[in-house]
Structure formats: structure tokens, C-alpha cells
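Biologist: Can you walk me through the inside of this protein? Keep it short, please.

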Amino acid sequence: RGSTTLEDAVETMLASGCCILPKILPPDFVQACLSKAQQDLNLIETQLDQNRSEAQTSHDVAAAWRVDYREIVDRDGGRRDVRLDWDKYPYNAPGLIYNAMTLPLIQALFHYEEAKGSHSSNSSSNKTSDCQDIILLYMGVMWAKRQKPKDDDHQEKHQKWHADGGHLFGHVQLPPHCINVFIPLIDLTSDHGPTEVQVGSHHLNGDHTVEQTNLELIAKAGDAILFDYRLQHRGKGCSSVLKTDRPILYLAYAKSWFRDTANTRSGRSIFEGTRPTWASRILTGEPLPMGQGFDRVELSNNQNQPPDSTPASSGTINEIPMPPRVPVDGSGERWVLFKMNVQIGENDDAENPPREETMVVYNGDMPVEVATQFCYQHQLGPDFIPVLGETIQQQMNQIQQQQQATRSLDRDEEPEQSQKDVSETQEPQSKRPRTTE
């Protein structure tokens, strides 16, 4: 918490494996996150009770009582891990994902070896202006449920000591390749079951200069607790004397090539309908200015609904390649959905004639994030963000419709193709050329 520069924070993270950055989120945004988290938890727990009630007369009783769903997982230590509506405000706010304080530190840690090897006096040469090599693995809210002390020792149940992942290689200590960011949504005390870490335990074979000690990471609402993916930690029990359970918003950032195969979740949804599944995505853009990117931007999900207003800048689509028919959820892979030429400026401004800039949108991109990054990069006011985001959303919806129509056409053609395959037994199918009728 005492670090005053980026270099101090980097050295603290490398040596200790953890640090706290104060006040990274505005108080009103923290309150919005808290309200949304409580709303999501209430919705899920209501659905959970309904599923259990309906399962009493079926063979799904055991499955209904086992809290292991895509949206919610019960963990040891009284933890309830919730992931819901990650694509909605406030979780999709660019100021959260591309935070002015956390993201530069993550970038510096992921590029530590490169910066260390360059020894360049020109600081700009060591700066990573775009985080295209960083992937957002997942995000959610971890609730610590209040629990009564155990009868034998009058202590709340704590989580078991664990690391979220191990080292890439067993013979060399490397800088972090994955970093957790915990953001308390209420002020923490020791009674709230804070995260406890073994300082320095992320070092391979005890090769470190920091004495290992257990430390509770106590932080205020809106602070950020960062720790190395390899650091030994546990969640302490949340005391029953408190009036409320404890929510912490968490995000996991990693280098783009990393795949977290150790922390998988069930694909079973607690809801009957379809909701978006979480897919890891590569980030594109820069850390936003301090205090920016937290406003609510509402976009329509109806592809037939036009924007509410006409932008001062116009956009034209110059490329719309069809994406693969089977998305690779969670892989971090991405491909170009479309490119859009955006005209910036007015035709009647002689001193500043209009110019065209190209915006590239990839699968998995969030329209609000892309619009925000584009507007900040080209010095456009925040009023353009919702208009541009709406245009991106509409184009994404159009491509999704094209995909669905193509898949439907493929399904309609399958029976006819199967009949042809059966009738043409004299020639192996693999050797016949495919024909389009």
C-alpha cells in the first residue's frame, strides 16, 4: 500500500507476490457493482431453491443440491462463486477492465523480462501502448457467507491453502504469467474473512529474498488487491456476528497464450433459458485515463432497432468476413468480424478537414469497450461512445443472424445429402467431390 510509483509496485509484486492499490474505482461505481452483485445472487439463489423444490419428485435431487453450475459454484470456506451477466453494466465498464491503475501494473509485470533486457534510456521504448497480448480469463463475484464457529475450536471454517496454478517450468523462476485482481465491494476487516496469503510463496523452491509470513490482505471498498496466480492463499471464514455476507469482485488477467485448464467450471446452467457463456477474450486498447470509463452505456440487443441519434461521424463497413461456424469459447482465439471506416470531423470545417479512421472489431469484443477505446484514441467526446457502440452492436447482430441462417440452411440440407450418400455406395464418400445444388 505504501508504493508510490509503478516501479515500486512492480518490485513489490515480484518479491512478495501481492500488493494493494488504493481507490482504483469511484465510490458510486463500487456501489453499482455491489447492487448488481446482490441482485445477481438473489436471482440465482431463488432459482436454486426453485430447482431443488422441483427436483423432489424426480431423479435429480442430488444434482439439484450440489451447487455446481456455470453461474454459481460453492467452494470450501463458505465461498459462493458467482458469474452472471458479465456482458452487462457495471461489469462491462471499460474503466474496470482497462483500469488506469491496475492495467499498467499488469502490463509492466507481463513485460518485465523485455524491459529488463532492453536497458533503454528512452522510457517510451519500454512502454506497451496496447494490451493485445493480455487476455481476460474470467471475472465474477466471490461471496464469503457468514458461518457459525465450529464446535470444537470456536473458529470459522477457512479455505484450504492453495495456489490457483503452478509454475510454467520447474527449473527457473519467471515473472508472473497470470495475475488475480480482487476488488472488495465493502470495507474489509478481519471478521469479513479476508484473503490471507503466504508472502513470497510464489517463488520456486523457496528461492526468494522475502521472509515467508502469513498476511491478511485488508482493504477498503474500491481498492485493488493484486496477487500472483502462483501465490499460496486462502479465504478466511466470514464471522456470523456480521450483518451481511462479504462480496469481492475478481478479475483474472493472463498472457494471451495461457490457458487455465485447472480452474474449469460446469457447463450446466442453473436457468432453463440460454444465457451468454463466459469466453476468455484478448484485450485491445490502452489503460483509460484516471476516473474515465465508468459511465453506464446502454446498447440495444434488438438488431432491428436503429440508434436513438445520428452520429456526427459516419461509419461504413469495408469488410465482413463470416466467422467460423463453431465458436471456440474460452480459448482466447479471435478473428476479424468486420472493419469499419469512421469519418471524423465535419465537411464544412476548412481548418480541420474530415478524415477516415479504420476500426477493427474481433469476435469476443465488447462494443462498449471498442467504442470507448476508439473515442479516446481519436480525441472524440464521451457522447460518441453510445452511438458508436450501438453501430458496432447492430453489425455484430447482423453477423450473428447470418451465422444462424447459414447453420439453419446446413441442417435443412443434411437429410438430402445423407440420402445421396446412401444411394451412391459404389464410390467412397471421401473420394467424391462435394457439389452445391
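Modeller: We will go through the cores, a helix and the cavities. This is a predicted model, where local features need pLDDT of at least 70, side-chain atom pairs count only at pLDDT 80 or more, and totals for chains, interfaces and linings use all residues. Residues are numbered from 1 along each chain as its sequence is written, and side-chain values use heavy atoms, leaving out hydrogens and water.

Biologist: How many residues are in the largest nonpolar core?

Modeller: That core has 77 residues. A nonpolar core is a set of buried Ala, Val, Leu, Ile, Met, Phe, Trp, Tyr and Cys residues joined through side-chain atoms within 4.5 Å. Buried means under 20% relative accessible area, with a 1.4 Å probe and protein chains only.

Biologist: Which strand gives the most to this core?

Modeller: Strand β4, residues 134–144, with nine residues. Strands are DSSP runs (E, at least two residues), and helices are H or I runs of at least four, numbered from the N terminus.

Biologist: What about a second core?

Modeller: A separate core of 21 residues includes Trp-335 and Val-361.

Biologist: New topic. Why is helix α5 largely enclosed?

Modeller: Seven of its nine residues (102–110) are buried, so the rest of the structure largely encloses α5. Among the buried ones are Leu-103, Gln-107 and Phe-110.

Biologist: Which residues line the largest cavity?

Modeller: Asp-40, Arg-83, Trp-86 and Leu-249 are among them. A cavity is a set of points on a 1 Å grid over the protein atoms alone where a 1.4 Å probe fits but cannot get out; lining residues have an atom within 4 Å of a point.

Biologist: Which element gives the most to that lining?

Modeller: β4, with three residues.

Methods. Buried < 20%, exposed > 50% of the residue type's maximum accessible area, 1.4 Å probe, protein only. 1 Å grid on protein atoms, 1.4 Å probe; cavity = no way out; pocket = protein on both sides within 12 Å on 5 of 7 lines; lining within 4 Å.
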